Amino acid sequence: MDKITRPVGSRPSNSSQQSTLVPEVRVLLEDLLVKKPNARVLDFGCGLGQYGKIVKDGGGTYLGLDIDPASLGYQQSIGCSAMHPKDLPSDYFYDILLIGNMSGIDGGMYLVNSRKQLKEDGVVLLWDESFQNMPNGKKQRTLAFSIVGR
């Protein structure tokens, strides 16, 4: 995985969800959408669905998966498709899988199971963003990401 580390401002208080758009992930996703027009995108641990609008604006089809009913309700209220992972049909295949910032959840388990839903030429975009308090009082941001083909 590639790593980017730099000081940043404060972390949003609801860190259990993807509360902010990760700029580097946005750029990678937009690039993938150019390479894969009309892509079907599956977002594991979608939180508030920040990547749904990017996918829709890029001409793709978006489905967010989350276990939090409030996140699912919010996504649906803004016009994004969302469901609980247990309700995901097993016979529908995707071009791009998004798996990121899933603290407290076994992301490896999602990766193994989700690859079954990936098209032959599909890709998985993985990332993890974390923040640490430094002795000087600033926060240190670490971002690790990778794009994996099937």
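## Nonpolar cores

Nineteen residues, written 19 in the count, make up the largest nonpolar core, and L29, L33, Y51, I96, L98 and W127 have the most contacts inside it. Two or more residues of this core come from each of α1, α2, β5 and β6. Helix α1 gives the largest share, four residues. The model is a predicted one.

Another core, of eleven residues, lies apart from the largest one. Among its members are F44, Y94, I99 and L126. In soluble globular proteins, nonpolar side chains tend to be buried together.

Helix α2 spans residues 50-57. Its buried residues are Q50, Y51, G52, I54 and V55. Y51 is also one of the residues with the most contacts inside the largest core.

Which elements cover the buried residues of α2? The cover includes helix α1 (23-35) and the strands β2 (40-44), β3 (61-65), β5 (94-100) and β6 (118-133). After α2 comes G59, which has a positive phi, near 85°.

## Salt bridges between separate elements

The whole structure holds six salt bridges. One of them joins D121 and K36, with an N to O distance of 3.8 Å. This pair links distant parts of the chain, 85 residues apart: D121 belongs to strand β6, and K36 to the loop between α1 and β2. Is K36 buried or exposed? K36 counts as buried, because its relative accessibility is 15% and the cut-off for buried is under 20%.

A salt bridge also forms between K119 and D95, whose closest N and O atoms are 3.3 Å apart. K119 is in strand β6 and D95 in strand β5, so the bridge ties together parts that are 24 residues apart in sequence. K119 is partly exposed at 29% relative accessibility, whereas D95 is buried at 10%. Strands β5 and β6 are thus tied by this pair, and both also cover buried residues of α2.

## A salt bridge between K86 and D87

The side chains of K86 and D87 form a salt bridge, at 3.3 Å from N to O. K86 counts as exposed, with 63% relative accessibility. D87 is partly exposed, its relative accessible area being 44%. Side chains of opposite charge can pair when their charged atoms come close.

How values were computed:
Residues are numbered from 1 along each chain as its sequence is written. This is a predicted model: local features need pLDDT of at least 70, side-chain atom pairs count only at pLDDT 80 or more; totals for chains, interfaces and linings use all residues. Side-chain values use heavy atoms; hydrogens and water are left out. Buried means under 20% relative accessible area, exposed over 50%, partly exposed in between (1.4 Å probe, protein chains only). Contact means heavy atoms within 4.5 Å. A salt bridge is a side-chain nitrogen of Lys or Arg within 4 Å of a carboxyl oxygen of Asp or Glu. A nonpolar core is a set of buried Ala, Val, Leu, Ile, Met, Phe, Trp, Tyr and Cys residues joined through side-chain atoms within 4.5 Å.
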